[in-house]
Amino acid sequence: MTVISAHSSRAQSHGLTLYAQCSSLFFAHSMRYTTQFLLSALAAAQFPAPGAPEIAFLGRSNVGKSSLLNKLVGEKAAKVSQTPGRTRAINFFALLDGSQRQKLVFADLPGYGYAKISKSISAGWPEFIEPYLAIRSTLKLCVCLVDSNVPAQESDRRLIDWLRGEGRDFAVVATKIDRLSGNQRTRNLLALRQGLELDELLPVSAKTGYGVKELWARIEAASA
Ligand code: GDP
């Protein structure tokens, strides 16, 4: 079992203020979770019974989803999700607190590929994905990953527009931000924000950990 730490949004704001002065105080505020693989679902009938607030992770193949999950909850989640046969499934993970209670559930959705999405967001996706996103009662936030090194893609746009239409809370994160520096970073982020019509775009790097605290704060705010 992988031990990871996350930061509550309250701890986060304290942390941001205090971190420069006293890092041990910052860590004293952090919460610890353990990650437990629940199941891989290949059909709606296999979804776990609704329980703790759920966060879904979505993105095109190769966007860096496994790496980011690895950074957020530990290697176990990434390994399970990349196991052959599970890449077309929704992989569910519970995040347990110190009393082994489920605090959050992470749902890792299959990468939606490079194919141009034609009719609906689910083209090229297993058919149970769209109902999952539409009706899952415990789903609190969709974390949509886009690559900061790649211009806005039609497939991402369709997904985001569809989530907007469904009234789903979502956060778009721009992955692999460590590959960009200075002006290029600013330019790409602006272009993505404009191309996808976003108010909020969170740059992250699974490699350096950049933006991971902010993403945790967003996840915890959505699931509070
Ligand atoms: P997935 O298909 O969306 O799960 O993508 P992966 O997590 O497997 O990542 C795809 C590729 O991008 C791999 O070669 C990773 O090493 C690379 N990658 C993922 N995240 C980052 C990152 O934050 N920075 C950099 N530089 N490379 C990354």
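Student: How do the residues of the shell around the ligand divide into nonpolar, polar and charged?

Tutor: Keep in mind that this is a predicted model. The shell around the ligand splits into 2 nonpolar, 7 polar and 5 charged residues. There are 14 residues around the ligand, and N62, S66, S67, D178 and A206 come nearest. As for secondary structure, helix α3, which spans residues 65-73, gives the largest share of that shell, with 3 residues.

On the backbone side, a polar atom of K65 sits 2.8 Å from an oxygen atom of the ligand, and a polar backbone atom of K207 is 3.3 Å from a ligand oxygen. R179 uses its side chain: a polar atom there lies 3.1 Å from a nitrogen atom of the ligand. As for cover, the ligand taken alone exposes 580 Å², and the protein buries 72% of that.

It's worth looking at the largest pocket too, which holds about 250 Å³ of space. Its lining has 18 residues, and S61, K65, S66, Q82 and G111 lie nearest the pocket's centre. Two elements, α3 and α4 (75-82), each give two or more residues to that lining. By type, the lining divides into 4 nonpolar, 10 polar and 4 charged residues.

A couple of names turn up in both places. S66 is among the residues that come nearest the ligand and also among those nearest the pocket's centre. K65, with its backbone contact to a ligand oxygen, is likewise one of the residues nearest that centre.

Definitions and conventions: Residues numbered from 1 in each chain as written. Predicted model: local features only at pLDDT ≥ 70, side-chain atom pairs only at ≥ 80, totals over all residues. Heavy atoms only, no water. Near = heavy atom within 4 Å. Polar contact = N/O pair within 3.5 Å; in protein donor to acceptor, adjacent residues only side chain to side chain. Areas by Shrake-Rupley, 256 points an atom, 1.4 Å probe, with all protein chains shown as cover. Helix = DSSP H or I, 4+ residues; strand = E, 2+ residues; numbered from the N terminus. Nonpolar A, V, L, I, M, F, W, Y, C, P; charged D, E, K, R; others polar. 1 Å grid on protein atoms, 1.4 Å probe; cavity = no way out; pocket = protein on both sides within 12 Å on 5 of 7 lines; lining within 4 Å. Points joined across faces, edges and corners; volume = space filled by probe spheres on them.
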